[in-house]
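I opened my notebook to look up a few things in this structure. My entries follow in the order I made them.

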Amino acid sequence: METFKIEGGVPLKGEITPQGAKNEALQILCAVLLTPEKVTINNIPDIIDVNKLITLLKNLGVKVEKIGKGSYTFISDEVNMAYLESEAFKKEGSSLRGSIMIVGPLLARFGKGYIPKPGGDKIGRRRLDTHFEGFINLGASFRYNREDHFYGVEATKLIGTSMLLDEASVTGTANIVMAAVLAEGKTSIYNAACEPYLQQLCKMLNSMGAKITGVGSNLLEIEGVSSLNGCTHTILPDMIEIGSWIGLAAMTRSEITIKNVSWENLGVIPGTFRKLGITLEKRGDDIYIPAHTEGYEIQNYIDGSILTISDAPWPGFTPDLLSIVLVVATQARGSVLVHQKMFESRLFFVDKLIDMGAKIILCDPHRAVVIGHDFKSQLKATTMSSPDIRAGISLLIAALSAKGVSKIQNIEQIHRGYENIEERLKALGAKIITE
C-alpha cells in the first residue's frame, strides 16, 4: 500500500489545469455500448476508476484504441454478452460503482443487462432502486440473486412510458435515459437529475441520433429511435477537482490560476467558496486565486446567524465538495455549519482533522460545526489513512497546510479520482513524495 509523504506549510504558486470530469466519463463510456459505430471521446481522465471501466468494456468485446492523451475510440460491434455471466465479470464489476451504468445501454440494445452489486466509496448507502424501477417501467423484468448479489433485467422490447423518479439520481437518470433512447415510443422522465454531466450525456446521445428534449431541466422527454450512430464527444473539466484546487489555494495561502474551468458549468461552486471569504477572479475561462496572506472570513447570514453550507441536487452545491469546504473552514475567521444531507458516512473523516488540531464539533453523521483558527494556529502534521476519494483529497490539502511532515496511507483512494496528482502538485512547488 503506497503512502504520500508531505512536508506542509509551503506556499505554492503557478497554474494547474483540471482533468476531464470523472463523473461524466463514467456515463459517457457506458454510452458507447449503444451503437456498433465508432465513438471518439476526448479529455478522458487517466484515473483508476475510469481505467477500470475501459478495461471492463474491452472484456465485453469493445474495440478500444488510444489515439492521444485522453483521447480514445470505441467500437462496440461485437459485444460478448456471455462475459456478463462469467466469474471474471462478477469480480470486476463489483469493484466499480460506475459499472451499474452499462445495464441501461445493454438492455436497450441487446435485451438484457446484468451487474454484480457495485462497490465504490464507503460513504454510506447508495441504493439502486431508481435504476431498476426505471427499467421495469420501460417493460423490463427484474431478478436478483441474493446469494451472489447479482442483478439482472431482461426485455424482448422496451416501451416508452411516463415516470416520476423517487429521487433525482444522476446515475439512475443516466441509466434510464440510455435505455429509453432505443425504446419504442415516447418516454418522459420527471424529477430527472440535471447536472452538467447528465446534460453532456444527453447532448452526446442527441449527436448520435437520439431525440431528447428538456436537457438541463428536471423533465426529460425522449422519442425512441431504432438505432444510434457514432459521434465525437469532449468531456468537461472536472468541477470537483476545480473546487479542490480552490480549497488548496486558500488553505496554503498560495497564488494559483486554474486553467480552462468552463465557468458556465460551475453553478454555485464559485459563490459558495466566496461565502467562505475566498477571493476568486474570473480571467477569461480561468479562475485566479491570489495568495490569502491576510486569511479569509466566513460570511454570516444577513441576520447575523451562522452560515450553513449543505449539499443538494443540481443546481445546488455538490456533496463531493463538502469535505473541501469543511477543511477550508478550519483556517477561516468565523464558524460554519456543514450539513451533509445525502450520505451518512462522509463526515466521519473529521476525527483525523481534530487530531491535527482543527476545532470541529461532529453533531451527528450528517452535520459538523467548524470553528476557524484564522491561521493563528497551524494544523499539526500526522499520519492518517484515506477513507474515500473526497476525504482523501481533503486530508491531502490539510497536510499541505500543516506544520511538519504528514503521511497519508491508502492513497489508491485518491488516485481513483485525481490524475497524476503528485506530479501536478510538485509543479506548483508542493513537497510531496510517494513511499
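**Salt bridges**

I searched the whole structure and found 22 salt bridges. I counted a salt bridge when a side-chain nitrogen of Lys or Arg lies within 4 Å of a carboxyl oxygen of Asp or Glu. I note that this is a predicted model, where local features need pLDDT of at least 70, side-chain atom pairs count only at pLDDT 80 or more, and totals for chains, interfaces and linings use all residues. Residues are numbered from 1 along each chain as its sequence is written, and side-chain values use heavy atoms, with hydrogens and water left out.

I looked at aspartate 77 and lysine 63 and found a salt bridge, with the closest N and O atoms 2.5 Å apart. Aspartate 77 sits in the loop between β5 (71-75) and α3, and lysine 63 is in strand β4 (residues 63-68), so the pair ties together parts that are 14 residues apart in sequence. I took helices (H or I, at least four residues) and strands (E, at least two) as DSSP runs, numbered from the N terminus.

I then checked aspartate 364, which forms a salt bridge with arginine 367. Their closest N and O atoms are 2.8 Å apart. Aspartate 364 is partly exposed, with a relative accessible area of 23%. Arginine 367 is partly exposed at 33%.

Next I looked up glutamate 435 and lysine 407, whose side chains meet in a salt bridge at 3.5 Å, N to O. This pair links distant parts of the chain, 28 residues apart: glutamate 435 is in the segment after β23 (431-434), and lysine 407 is in strand β22 (residues 405-409). Glutamate 435 is partly exposed at 42% relative accessible area. Lysine 407 is partly exposed at 31%. I also noted one network, in which salt bridges that share partners join Glu297, Arg333, Asp374 and Lys376.

**Binding-site entries**

I turned to the UniProt record. Its unreviewed entry puts the feature "binding site" at Lys22 and Asn23. UniProt positions are given in the numbering used here, feature names are shortened, and annotations may be inferred rather than shown by experiment.

Lysine 22 is in helix α1 (residues 22-31). I found lysine 22 buried, with a relative accessible area of 8%. Not counting residues up to four places away in sequence, lysine 22 touches several residues, including Pro45, Asp49, Asp238 and Arg390. I counted a contact when heavy atoms lie within 4.5 Å.

Asparagine 23 is also in helix α1. Asparagine 23 is partly exposed, at 25%. Which residues does asparagine 23 contact, leaving aside its neighbours within four places in sequence? I found Tyr197 and Asp320.

I followed that contact to aspartate 320. Aspartate 320 lies in the loop between β17 (307-310) and α10 (322-329). Aspartate 320 is buried, with a relative accessible area of 12%. With neighbours within four places in sequence left aside, aspartate 320 contacts Asn23, Ile240, Arg346 and Arg390. I placed arginine 97 in the loop between α3 (87-94) and α4 (103-110).

**Nonpolar core**

I found 150 residues in the largest nonpolar core, where Ile102 and Leu205 touch the most other members. Such a core is a set of buried Ala, Val, Leu, Ile, Met, Phe, Trp, Tyr and Cys residues joined through side-chain atoms within 4.5 Å. Domain 1 (3-19 + 237-434) and domain 2 (22-234) both give residues to this core, so it lies between them. The domain bounds come from an automatic or database domain assignment.

**Aromatic pairs**

I found 11 aromatic pairs in the whole structure. One of them is phenylalanine 132 with phenylalanine 135, edge-to-face, at 5.9 Å centre to centre and 80° between the planes. Rings of Phe, Tyr and Trp (its six-membered ring) pair if their centres lie within 6.5 Å; planes under 30 degrees apart are stacked, over 60 edge-to-face, and the rest tilted. Both residues lie in helix α5 (residues 129-137), three residues apart, about one turn of the helix. Phenylalanine 132 and phenylalanine 135 are both buried.

Key
Buried < 20%, exposed > 50% of the residue type's maximum accessible area, 1.4 Å probe, protein only.
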